[in-house]
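Subject: Structure handover

Hi,

Here is the structure for you to look over. Please open it alongside these notes.

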Amino acid sequence: MTTWTFFVTHRAEILDTTLEHLTLVVIAMFFAILIGVPLGMFVVHRPALRRIALGVASILQTIPSLALFGFLIPIPFIGGVGRRTAIVALILYALLPILRNTYVGLTGIDHAVLEAAEAMGMTNSQILWRVRLPLALAVILAGIRTATVITIGVATIAAAIGAGGLGTFIFRGVAMVSDAVILAGAVPAALLAILADLLLGLLERRLKVS
Amino acid sequence: MRQISASGRLTEIPSSLPYPGLSIETNAKPMTSPDPLIEFRGVTYRVPLMNRPALVSNISFAVRPAEMLVLLGRSGSGKTTLLRLVNRLLLPSAGEVLVEGRPTSSWDPIRLRRGIGYVIQEAGLLPHFTVAENIGLVPALENWNAARISARVEELLRLVGLDPAEFSARRPRELSSGQRQRVGVARALAADPPILLMDEPFGALDPITRTELQREFSALARRLGKTILFVTHDLREALLLASRIALLEAGRIVAVGTPQEFLLLDHSEVRAFTASLIDLAAERPGASS
């Protein structure tokens, strides 16, 4: 069977799996942003905490993804086999780029602007919400973009712990020694990643304040 | 008796002068006494926890109401540090800085800063705000209503020579550097603070624009009667603008006087400054700094 005919005959299943994959990514990214951005904002004025947060996120990033999925299985509440565990692992992976870019974006602002804001009598929280955050938005979004692309890739491995998604085709294809089946997982995953990168890139450009 | 009381009233007039051009929209406290608005008493500042020499040492001087005191000095002489001590961006390591008679350490920093306009070299306009939003920021922080803010913004734009219809909606990046400084001055005046701090506000401008802004600002400052502490390394600018000049050298004030007195002072650093002006004028006629 050629790759093409496999794609055509299994198009419904490929589409379902792609949507399943996308759902994993969207849920994971939602929580990663919900944790990463506020955490980045919180550590701006707290250097000790910042080192810990960035350190932990960096270490998480260095754990091979398959191993991270494995490590989580025995942990109570968040562990076990299935989607929930996979989402937790994906959140942990996505955290570093979001956290780091949030921090870098919030701190990499023209010194004169921050000094003027402070000298005008803005409180720290007013400076954070009305000056730092709007000016950091493009950089934060760049982090979200990186994290999204990584998550789309890593989510293929979630199939190894029974979370479904496009990895299902890839693992099945490897077992069957079938390029067609592997590609049925790999091609949509690659397309998703490119699409996400393009769309978020567009949004990023619109948010940039020169 | 009447004559005496009449002359007694006369002496009070400067403190109650209605300044032309000063808006009625004011939250500036009326000056009740001729006491200095800003006073340094034996102030030393060193960076906390760092074993470095003090940035400024044993500084004492006072800025009288409606005076423009220019702090003149080379780069690194501690001028900016002195400004930052006034609006409590820094607290003195020793001595005290008094604003309206109260040490800055006992002021709420937010209240203190909202009563002090601040203009810096690169203007420091918020790049994501329009010109109108930048100027209206402090009034907005002070919860003025929108109509009052927009009227004030319009008034200030006219005051600094920018057409409100043309400039209100622009962003800082759509302005020339001279226009940005004008907006910076307007922003500092927005909530009508009695005190202005200015840190080389015209330093980054081309010589022609700089001279224009210096002249206009000099006239404006006299008209508004603000108490101004102005930092520069440009003797020409100091001579043009100052009521009095205080010369800083390596973190110490080495001379204070009116521009006329200043030029006659016999001090090596004064001579260094005057020599630079004269030499430059002789070597390059027409150059401005």
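Predicted model: local features only at pLDDT ≥ 70, side-chain atom pairs only at ≥ 80, totals over all residues.

Residues are numbered from 1 along each chain as its sequence is written, with chains lettered from A and ligands numbered from 1 in the order in which they are written.

Chain A first. It has nine helices and zero strands (DSSP runs numbered from the N terminus: helices are H or I, at least four residues; strands are E, at least two). Its C-alpha atoms fill a box of roughly 70 × 40 × 20 Å along the principal axes. Of its 210 residues, 39% count as buried (20 or more other C-beta atoms within 10 Å of its own; exposed is 12 or fewer, partly exposed in between; C-beta atoms are placed from the backbone).

Now the interface. 16 residues of chain A are in contact with 16 residues of chain B (contact: C-beta atoms, placed from the backbone, within 7 Å). On the chain A side, α6 (111-119) and α7 (124-154) each supply at least two residues. α6(A) gives the most, with seven residues.

Finally, B:Ile228. It sits in strand β8 (residues 227-232) of chain B. B:Ile228 counts as buried because it has 25 C-beta neighbours inside 10 Å. Beyond neighbours within four places in sequence, its contacts are B:Met68, B:Leu196, B:Met198 and B:Ala221. The C-alpha atoms of B:Ile228 and B:Leu69 are separated by 6.2 Å, at 159 residues apart along the chain.

Best wishes

Technical notes
Contact = placed C-beta atoms within 7 Å.
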